[in-house]
Amino acid sequence: MRHDEIVPVLDFGSQTAQLICRRVREAGVFSTLVRPDIPKDELAAMKPAGVILSGGPSSVFEDGAPTMDPGILDLGVPVLGICYGMQLACRALGATVTPGEHREFGRASLRIERTDGLFLGVPQNTSVWMSHGDQITDLEGARLDVLASTPTCPYAAVSTRADRAGVFMGVQFHPEVTHTPHGVDLIRNFLYETCAARGTWRMSDFADQACAEIRRQVGDKRVICGLSGGVDSSVTAVLLHKAIGDQLTCVFVDNGLLRKSERRLVEATFRDHFRIDLRVAEATDRFLGELAGVEDPQEKRRRIGACFIDVFKDSSADLPDANFLAQGTLYPDVIESGHGHAGNAANIKLHHNVGGLPEDLGFELVEPMRELFKDEVRKLGEVLGVPDQIVWRHPFPGPGLAVRVLGEVTRQKLDLLRDCDEILLEEIVASELYRRTSQVFAVLLPVRSVGVMGDGRTYESVVAIRAVETQDFMTADWARIPYDVLARISNRIINEVRGVNRVVYDISSKPPATIEWE
């Protein structure tokens with residue numbers, strides 16, 4: 001999708017490269033990841049307002065370390081280098097980069113020498129987050145000025161001098177992370193003070209542009225949309241309905257892997273409220289048959305994805321001119337599946353709606369939200385008038401409860417987990433924690449534990465509770481649920497769900513863990 005104003009981010013493999021994009025978008029300018037070796041001319045064709053070079057885990061001295069086209073520094077637009085991106089650019093400009101004796105990781109005290117431009121409005125003494133091994137040790141011949149320093153890093157921020165064509169700024173710390181308190185101010189200063197950005201990234205404009213792009217892509221043909229009832233597919237369906245009206249048919253697949261009463265909620269919301277043409281495909285036996293005996297999570301996802309496509313083809317076989325399949329693919333899905341613009345993202349999960357589609361699918365994909373992060377989808381939903389109870393609904397994975405039942409999936413395990421999950425969500429809502437958390441769910445573990453109920457010994461299932469807080473679902477921290485709420489959840493599950501005698505709480509953050517267990 002074309003954007004009037006864009007700041008691309010060269011991704012050198014940093015875990016926080018996506019956060020840079022988020023911070024730029026939050027400031028009102030569209031941003032996207034691009035591969036680190038993108039040629040100068042290809043980048044210029046995007047007509048960027050500025051360019052950002054991300055950090056990365058490599059050393060500039062390593063064989064095979066990612067590099068960049070040095071011509072980007074002479075592109076005629078401001079360039080901001082962060083950590084590894086700073087070192088790479090400074091080295092290209094003639095500065096000296098030296099391996100550090102020790103890796104510097106954590107907070108550092110920054111002393112700002114120039115409080116204008118990049119550091120406009122930032123306190124002269126502030127805190128920043130460092131994560132590096134190498135650092136700049138000599139600016140001789142590079143025509144760079146020092147903007148800020150720390151006790152262990154004399155060139156913590158630099159910029160090109162006025163006598164050099166082109167503007168480059170570099171910071172050794174990470175302004176994109178929340179551990180740098182004024183990092184957002186620094187990014188805004190780069191965008192508006194240095195790049196003279198207009199701040200044209202608005203969700204209402206995106207909605208209009210997305211509708212126009214949908215109409216251009218599909219013409220007078222029919223679109224089939226996979227509807228699950230989650231925020232992603234729901235907003236996708238409403239956006240498509242706004243764009244093409246009766247050319248849209250939504251298909252809800254009851255795969256037997258859904259939450260309690262999910263099917264009834266979807267039918268009432270979209271068929272009755274939105275007046276969208278909705279078909280319900282009953283396929284529980286088909287999916288559970290495919291999953292019989294399967295324990296590997298990637299194989300579960302693969303089989304569910306393949307079955308999902310087959311059910312869609314069967315459900316749309318009698319629809320005339322059904323040439324397109326719409327999906328609620330988001331930017332994190334694209335990145336985590338190894339299909340990001342940078343081309344070097346690890347394949348963390350096999351998403352059923354990203355990649356791996358058979359060549360004989362018979363549909364052309366429509367993915368109008370593949371550029372958006374989760375919180376941006378919620379904003380788009382509000383712009384489109386989607387009810388709050390759907391917009392703010394917690395995410396639910398495409399493979400459903402199959403990836404929350406660890407190990408082999410059976411009807412009995414699914415029924416047990418559904419009961420646990422319903423109790424969990426009831427207590428979270430009753431405690432007014434639903435909007436304060438980003439995702440809360442139960443997981444059935446593939447182990448049993450000894451317990452005592454009454455005067456008897458039990459040997460039953462263990463259920464894990466997962467609750468996280470996040471802005472973009474690229475990183476997440478475990479939610480600090482009050483102990484009394486956890487106690488009620490545990491007591492109710494153990495007392496009301498036959499077959500469970502132990503409840504545990506997951507206190508892992510992402511990274512290193514993922515939000516889902518599988």
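Guide: What follows is a set of labels, each set against its definition.

Guide: This is a predicted model, in which local features need pLDDT of at least 70, side-chain atom pairs count only at pLDDT 80 or more, and totals for chains, interfaces and linings use all residues. Residues are numbered from 1 along each chain as its sequence is written, and side-chain values use heavy atoms, with hydrogens and water left out.

Visitor: How do you know what counts as a helix or a strand?
Guide: Both are DSSP runs, numbered from the N terminus: helices are H or I with at least four residues, strands are E with at least two. On that basis the chain has 14 helices and 18 strands.

Visitor: Why is Leu265 called partly exposed?
Guide: Buried means under 20% relative accessible area and exposed over 50%, with partly exposed in between (1.4 Å probe, protein chains only). Leu265 has 41% relative accessibility, so it counts as partly exposed. Leu265 belongs to helix α7, residues 262-273.

Visitor: Why are Lys47 and Glu432 called exposed?
Guide: Lys47 reaches 69% relative accessibility, so it counts as exposed; Glu432, at 65%, therefore counts as exposed too. Lys47 sits in the loop between α2 (40-45) and β3 (51-53), and Glu432 in the loop between α13 (411-430) and β15. Neither is a glycine, yet phi is positive in both: about 50° for Lys47 and about 60° for Glu432.

Visitor: What makes helix α11 mostly covered?
Guide: Seven of the 10 residues of α11 (374-383) are buried, among them Lys374, Val377 and Leu380. The buried residues pack against α1 (17-26), α5 (203-218), α6 (231-244) and α12 (388-391), where contact means heavy atoms within 4.5 Å. After α11 comes Gly385, with a positive phi near 80°. For the whole chain, 57% of the 518 residues count as buried.

Visitor: How do you know which strands pair with β16?
Guide: Two strands pair if DSSP finds at least two bridges between them. Strand β15 (439-453) and β16 (456-469) share 12 bridges in the antiparallel sense, with Ala442 partnered by Ile465. Strand β18 (500-505) pairs with β16 in the parallel sense over five bridges, one of them between Ser461 and Val500. Strand β17 (477-478) is antiparallel to β16 over two bridges, and there Glu469 stands opposite Asp477.

Visitor: What lies in the segment after β18?
Guide: Pro511 and Pro512 are found there. A cis peptide bond joins Lys510 and Pro511, with omega about -15°, and another cis bond links Pro511 and Pro512, with omega about 10°.
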